[in-house]
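This report reads through a single chain, taking up its salt bridges, its sheet, a helix and the surface in turn.

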Amino acid sequence: MRLDVVTIFPEYLDPLRHALLGKAIESGRLEVGVHDLRQWATDRHKSVDDTPYGGGPGMVMKPSVWGPALDDVIAGTGPAATARDLETSLAHKKLAPLDDPAPAGGGEAKDDGDGDGNTAPRGPVVVVPTPAGAPFTQEMAARWSKEEHLVFACGRYEGIDQRVVDDAARNYRVEEVSIGDYVLIGGEVAVLVMAEAVVRLIPGVLGNQASHEEDSFQDGLLEGPAYTKPRQWRGLDVPEVLFSGNHGLVDRWRREQALLRTQQRRPELIEKLRAAGGLSAADEQVLDAHREA
């Protein structure tokens, strides 16, 4: 997979070189390019914003800068052609071998989806972080993890001129996405969140595939509590069922804990799962017993 990020603060994206993402870069499963938007500014001040039409506070990022930037980053032309990809922050030992010999940014051509059997390559997904976007979800992360190329456009100030998004949508797949019902200073932090959520789902990035298969939201529920040694700590004991050796019993206990935690903290997820037929009769009994308690 290849990730490209366009921003006015390239150094903000340095965490993409560290930890698990750094290992993914070193193993060849991930390529990351970070591009300074000001390289596409044409005035001597390298300005990327201007006052909003219609008045109001703040500044809006200019389409005359963003348009060429996205075009070049996607095509690998202009300033993007000579940009250096991020390197891992620290060499990691005992890297797992690549499962797929294809380069991180490439792969076989895919059917273009028009039903005629042609194998025209699909373009990248252009992601625009914005509080006005659709909520970012685990399902979205899983879908993006199967893509070959994601391009993140980090807005600042009062956002990016809407025509940039509308123009990009004529040629590429564009998704405006929010990571929560709050406002950040810019899109960079949101990109760090989304990039980590996506990259960890790429096959081979996590050492244990089950690590993300049992995550919160994978089955529509929050993940239940986890425990490790020591067995007793500050007067608190690990639940006895986890020492039973009965894997079926342990699995059922974990399911019950996930159901109860989700009902308490995110009841709307329970309703969503119920509407989709994702709750068994045993699940409903657990929830009913908890409501009656």
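Predicted model: local features only at pLDDT ≥ 70, side-chain atom pairs only at ≥ 80, totals over all residues.

Because arginine 143 belongs to helix 3 (residues 138-144) and glutamate 175 to strand 7, the pair ties together parts of the chain that are 32 residues apart in sequence. Arginine 143, at 40% relative accessibility, counts as partly exposed.

## Other salt bridges

The count for the model comes to 19 salt bridges. In one of them the side chains of arginine 2 and glutamate 31 meet at 3.3 Å, N to O; since arginine 2 lies in strand 1 and glutamate 31 in strand 2, this pair ties together parts that are 29 residues apart in sequence.

Through shared partners, salt bridges join Asp219, Arg252, Arg255, Glu256 and Asp283 into one network.

Five strands form an open sheet with parallel pairing, in the order 2-1-6-5-7. Strand 2 (31-36) and strand 7 (173-178) stand at the edges with a single partner strand each, so that one side of each has no neighbour in the sheet. On average, and with direction ignored, neighbouring strands of this sheet are turned by 25° against each other.

Strand 1 (residues 2-7) pairs with strand 2 over six bridges in the parallel sense, and within this pairing leucine 3 has valine 32 of strand 2 as its bridge partner. Strand 5 (residues 125-135) is joined to strand 6 (residues 149-153) by three parallel bridges, with valine 125 standing opposite leucine 150 in strand 6. Strand 5 also runs parallel to strand 7, to which seven bridges join it; alanine 134 has valine 177 of strand 7 as its bridge partner.

## Helix 1 and its packing

In helix 1 (residues 19-27), the buried residues are Leu21, Gly22, Ala24, Ile25 and Ser27, and they pack against strand 2 and helix 5. Just after helix 1 comes glycine 28, which takes a positive phi of about 90°.

## Surface and chain as a whole

Phe9, Tyr12, Tyr182, Leu184, Val189 and Val193 make a nonpolar surface patch of about 480 Å². Leucine 184, one of these residues, is placed in the loop between strand 7 and helix 5 (188-199), and its relative accessibility of 36% means that leucine 184 counts as partly exposed.

The chain has nine helices and nine strands, and buried residues make up 37% of its 293 residues. Of the contacts with a separation of 6 or more, 74% are accounted for by residues 24 or more positions apart. The chain exposes about 17000 Å², of which carbon and sulfur atoms supply 52%.

Technical notes
Residues numbered from 1 in each chain as written. Heavy atoms only, no water. Pairing = 2+ DSSP bridges. Helix = DSSP H or I, 4+ residues; strand = E, 2+ residues; numbered from the N terminus. Axes fitted to C-alpha atoms, helices over the stretch in contact; angles between N-to-C directions. Patch = residues over 30% accessible without salt bridge, like charges linked within 9 Å, V, L, I, M, F, W, Y side chains within 5 Å. Areas by Shrake-Rupley, 256 points an atom, 1.4 Å probe, with all protein chains shown as cover. Salt bridge = Lys/Arg side-chain N within 4 Å of Asp/Glu carboxyl O. Buried < 20%, exposed > 50% of the residue type's maximum accessible area, 1.4 Å probe, protein only. Contact = heavy atoms within 4.5 Å.
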